[in-house]
Protein chains: 2
Amino acid sequence: MIGRKLMERLAADGALGGAGITSARSVDIVAPAPLKAPFPIVSEACDIAAPYVPPRLIADRPDLIFLLASIVSGEAEADFDKGYSVNLDGTRLIFEAIRREQALSGGAYRPRLVFTSSVAVFGAPFPEAIGDEFFTTPLTSYGTQKAICELLLADYSRRGFFDGIGLRLPTICVRPGLPNKAASGFFSGIIREPLAGKEAILPVADTVRHWHASPRSAVGFLLHAATMDLAALGARRNLTLPGVSATVAEQIDALRAAAGEAAVKLIRRERDPVIERIVAGWPTRFDASRARGLGFKAESSFGEIVRAYLEDEHVSARA
Amino acid sequence: MIGRKLMERLAADGALGGAGITSARSVDIVAPAPLKAPFPIVSEACDIAAPYVPPRLIADRPDLIFLLASIVSGEAEADFDKGYSVNLDGTRLIFEAIRREQALSGGAYRPRLVFTSSVAVFGAPFPEAIGDEFFTTPLTSYGTQKAICELLLADYSRRGFFDGIGLRLPTICVRPGLPNKAASGFFSGIIREPLAGKEAILPVADTVRHWHASPRSAVGFLLHAATMDLAALGARRNLTLPGVSATVAEQIDALRAAAGEAAVKLIRRERDPVIERIVAGWPTRFDASRARGLGFKAESSFGEIVRAYLEDEHVSARA
């Protein structure tokens, strides 16, 4: 979803960091829908966990790679092999393909690589606000896979194989479209579905606190990471991004403000112990001062996140 | 070397945690020398990075696995592929072999696994003393590989595939025997060689501070990790172990106290920029209160480390 929004933005701008975009390749497990753009876009269905795929994807030596490919947290927890295969091995195959291409180029090829990590690299118990030097002790296989990719990204960057940056995205909310298998899916569902006049299930308590940013902010993060001066990162290539810390109750208040009590009534409380257990291990609040200092910006309230959704998805709130 | 000393200790004790040892397998890239013990020991030369090896090693379902296999920091930095192949993939193959054996056993097989990690998982800049919740941002490929294995160990333990504990050993000092390719080798060399009346090269400044423990302490750490109640660890399975923080100058003072000025004169200062750069990224001092609280014990001064070497290696200091 973020990849789609990113491509739409690149297609609309036709340029990035002051330079025109000459071509792009858009890859997902199902071929991304065609997109009108002032530059050619190759759209392909590929599985990056298949060893023959990454060398093909890197063969034309793109200057910039956004690596968003991942199966989601719930699926990685349910299917151990698939999670490691896609989220760890797939990422590593891409990294290796770049390294091999650099060797073939006699060292000349060194692309920028923007990787989406997750706050799931952190695991409870947490301090009140998680600082930039807090350790990564994930409590899910998904978080483990992301933390490992962060380490690989830093080492490959240090070695000069590519110029990498890892972005620990907040939970992206409000996600448009259909629910996915992410354990975090309900955070969007309880806003998106009632706004469309549909019922949504809330599987956790109202007191659950979480860390959010809009799809609009996520695209902004990716573009900033693609164009900023990475020298400022030093060897510490992975960043916790800014976001909004909100409880489910605060989310519901923002829904009420946008669409009234009738919308709120569409939220059905039905506890799910599996989701509750996963979410209980997730972080709730960050001091993302390093990323803010490097120019990354997010919303400042959950109300702003809801308004961004209404604007960007051209949804009118049913009051 | 630590593996050898561990096996000697197990052979001498014939028991561990109050239970008799019934058999053991001792594996290294060259077959370990035979050892007299009250239980049978199979000694084998194996490369754990060869995919057919780990399933064979785990096939007889050992109750306890000490996983010390690793190529050293200098070699992992010089040979990128070999470092990842042995230190990451080899470890992961062992973990996977255990997981498969558990599945074959219908869930009954769940061994204890003691893994040796390293303080190289940390990278400068550091606080004055590194706490138990400081993040892992290694500045070497070796440190990266160890940090990744720590994450895997925690996830495989959380999933219940084995009961794992990762030990971030201090630099082991004084190492007996011949120099190896570890960038940290000189920390032992400047003590061991002069004590034997031989010249030693010091490639860094006297002011360099580092974190040490004796081979005797290292064996103690491994035995404690093999027998302690791991429930106390919770989900945070990797521990920074206690040690002695000492500058090279303090090491030299301890050598002087043990063997006099003549020994100190055998240290030849010859700066090596490669080693200096690697060592500059290493940590110097830890607050290892979590491990101390869990019963791990080390020396309290570098003089004590030198005395342990003289006793355990039956070396008489030439004064």
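A residue counts as buried here if 20 or more other C-beta atoms lie within 10 Å of its own, as exposed if 12 or fewer do, and as partly exposed in between, with C-beta atoms placed from the backbone. Please keep in mind that this is a predicted model: local features need pLDDT of at least 70, side-chain atom pairs count only at pLDDT 80 or more, and totals for chains, interfaces and linings use all residues. Residues are numbered from 1 along each chain as its sequence is written, while chains are lettered from A in the order in which they are written.

**Helix H11 of chain B**

- Helices (DSSP runs of H or I, at least four residues) and strands (runs of E, at least two) are numbered from the N terminus.
- In helix H11 (residues 302-312) of chain B, the buried residues are B:Phe302, B:Ile305, B:Val306 and B:Tyr309.
- These buried residues line one face of H11(B), because they fall within an arc of 100° seen down its axis, the arc being that of the directions from the helix axis to the C-beta atoms.
- An α-helix has 3.6 residues a turn, so residues three or four places apart point the same way.
- Their packing partners in chain B are helix H6 (185-195), strand S10 (209-213), strand S12 (244-247) and helix H8 (248-264).
- Just after H11(B), B:His314 takes a positive phi of about 50°.

**How the chains meet**

- The contact (C-beta atoms, placed from the backbone, within 7 Å) takes 19 residues from chain A and 19 residues from chain B.
- Helix H5 (residues 141-158) of chain A gives the most to the side of chain A that touches chain B, with eight residues.

Notes: Contact = placed C-beta atoms within 7 Å.
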